[in-house]
Structures are given as structure tokens and as C-alpha cells.
Amino acid sequence: MKSAMKLLTPLLLMLTSMLSGQLQAKPLKVGVSFAIPPYVIEGENRGIELDLLKEAFAGSGYEPSFEFLPLERTFRLFESGKLDAIINVRPGMVDPHVLTQPVITFHNRIFTLRSTHISTLDDLHSKRVTAFQRARIILGGAFATMANQNPHYEEVAKQQVQVHQLMRGRVDAVVLEERVFYYYLDQLIATAQAGEHYERNQVRQADLFPPTVYHFAFRTADARNLFDKRLEAMRQDGRYHQIFAAYGATP
């Protein structure tokens, strides 16, 4: 009996320590204003960016939770201290001292079927074009001019619809972030109805926009420094790439 107790005592101490650590975990309220797969899949609390954050804080003593909010409210709550962190932040949007190292880079592209070639924005003037919301603000003056002069230009809220429209020939060009486009295209390929056949090689893309680098932001230096340290470790040991690969993407 005594020998059994000697064996159990270290296990009980370890369990007590683990439970104590869990009870003392610091809540980390993260504001999320961008909920588009594969970066954020809201109903499942996962996606490339959420997985990166969860992996970075795994076993750290911080317990992340996500609050899905409109863009302006997200930043307002962060600045007032009601959120501990926010994702998808560009320099100039908040105090630079709260920013992490760069976390992810977005690539906006123009997608067409192989039969249509786009080499400049001028080529879009006579085309049926759909873009993500606020594209004419985000993508610069030359793009805004094209959008304002093209009677067949529209912006849509659901990116999945853009991909379906292109592949079914209802529009000539789609302006969308690259990983978002291929995420929805792969879904369309996998669920094609009888008589439908789609492949990635049916698509041509034009790279006419500069990449956009995003950071995360944390109110405390401790959380920010820990995230930076662990994110770098994830890049080095392959976990960063593995998270992208789980969604059919690459960094």
C-alpha cells in the first residue's frame, strides 16, 4: 500500500500542478473583424489566422477566445482596453508599439478563364468584373478609376459567389485575394454537379497589385513578445507551413 502511494504521489502532484495552471490561465480576448475562409472560418473557430494564434499560445498560460465584430467596433474596443488583441492590422492603423512582427501576407489578384488575358487595369474597362467589397478603396486610384468608369463593375459580399460566377462564365474577371479564390475554387471542384467540370488549370491570374502585409496587435508587451517568439519558432520548425497546408495553401 505504501509503495503504491509513493507511486501515486508524484502523479497527483503533477495533476494538481496542471489543474492549477489551467485555473490560472489568463484570458486573451481577440477581436476578429475579417471572417473569410480560409483565414477565418467563424462558425468553427478555426482558419489559418486563428490556428496560428491558437498554436502560438498553446500551453502558454494564455487562453485565447475570439469575438467576431464589425471592423470599426473591433478597433474601438481594442483601443479602449476591452479587447486584448486584434488580427489583420496594417502599420498606421494603431500605435506601432502594439504591433507584432509580420504574420501573414495577402495577395490580391485578377482571375479570369484561360481564354481571357489581362495585362493592365485598362484591359478591365470593357469586362464584366466582380470584386470584394471596398476594393475600389483598397486597391488604389488607378483601380478606382477603372471601377468608376466600368458600367459592368460590381462589388459583392460573398466571395464564394465570385468564384462560381467566373467558372460558370457569368463574369469575365474576378478580383479577389489569392488563397480565398483557390479555397472556394477547390470547394467548387469537389462539389461539382453532374455535367459540371472545373479544374485549377482553367484559370489565369494577373498579378497587378502589391502584396499586403498584416500584423496582429496586443495591448500587453508580454503577450506580444511571447507571440512573436513562438511565431518565429513555428516558422523554423515547420508548424507555420503545416497550418497553411491544412487549408490547401502555402505561406
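**Exercise 1. How far apart do the end C-alpha atoms of residues 27-251 lie, and what percentage of the span is helix and strand?**

Before we start: this is a predicted model, where local features need pLDDT of at least 70, side-chain atom pairs count only at pLDDT 80 or more, and totals for chains, interfaces and linings use all residues. Residues are numbered from 1 along each chain as its sequence is written, and side-chain values use heavy atoms, with hydrogens and water left out.

*Solution.* 
- Step 1: find the span. An unreviewed UniProt entry gives residues 27-251 the annotation "domain: Solute-binding protein family 3/N-terminal"; such annotations may be inferred rather than shown by experiment.
- Step 2: check its ends. Their C-alpha atoms are 29 Å apart.
- Step 3: read off the make-up. You get 35% helix and 23% strand, with helices (H or I, at least four residues) and strands (E, at least two) taken as DSSP runs numbered from the N terminus.

**Exercise 2. Describe how domain 1 and domain 2 meet.**

*Solution.* 
- Step 1: Domain 1 is 25-106 + 212-246, and domain 2 is 108-206; the bounds come from an automatic or database domain assignment.
- Step 2: locate the centres. Taken over C-alpha atoms, they're 28 Å apart.
- Step 3: look at the contacts (heavy atoms within 4.5 Å). Here 11 residues of domain 1 touch 7 residues of domain 2.
- Step 4: get the buried area, meaning the accessible area (1.4 Å probe) that two parts lose on being put together, summed over both. That comes to about 760 Å², 61% of it on carbon and sulfur atoms.
- Step 5: see what supplies domain 1's side. Strand 4 (residues 104-106) gives the largest share, 3 residues.

**Exercise 3. Compare salt bridges across the domain interface with those in the whole structure.**

*Solution.* 
- Step 1: set the rule. A side-chain nitrogen of Lys or Arg must be within 4 Å of a carboxyl oxygen of Asp or Glu.
- Step 2: count. The interface has 0 salt bridges, while the whole structure has 11.
- Step 3: take one example. Arginine 109 pairs with glutamate 178, and their closest N and O atoms are 3.2 Å apart. Arginine 109 sits in strand 5 (residues 108-113) and glutamate 178 in helix 7 (residues 178-190), so to speak distant parts of the chain, 69 residues apart.

**Exercise 4. Where is aspartate 172, and what does its side chain reach?**

*Solution.* 
- Step 1: follow its side chain, which reaches the backbone nitrogen of arginine 128 at 2.8 Å.

Methods
A polar contact is a pair of N or O atoms within 3.5 Å; within protein, one must be able to donate a hydrogen and the other to accept it, and residues adjacent in sequence count only if both atoms are side-chain atoms.
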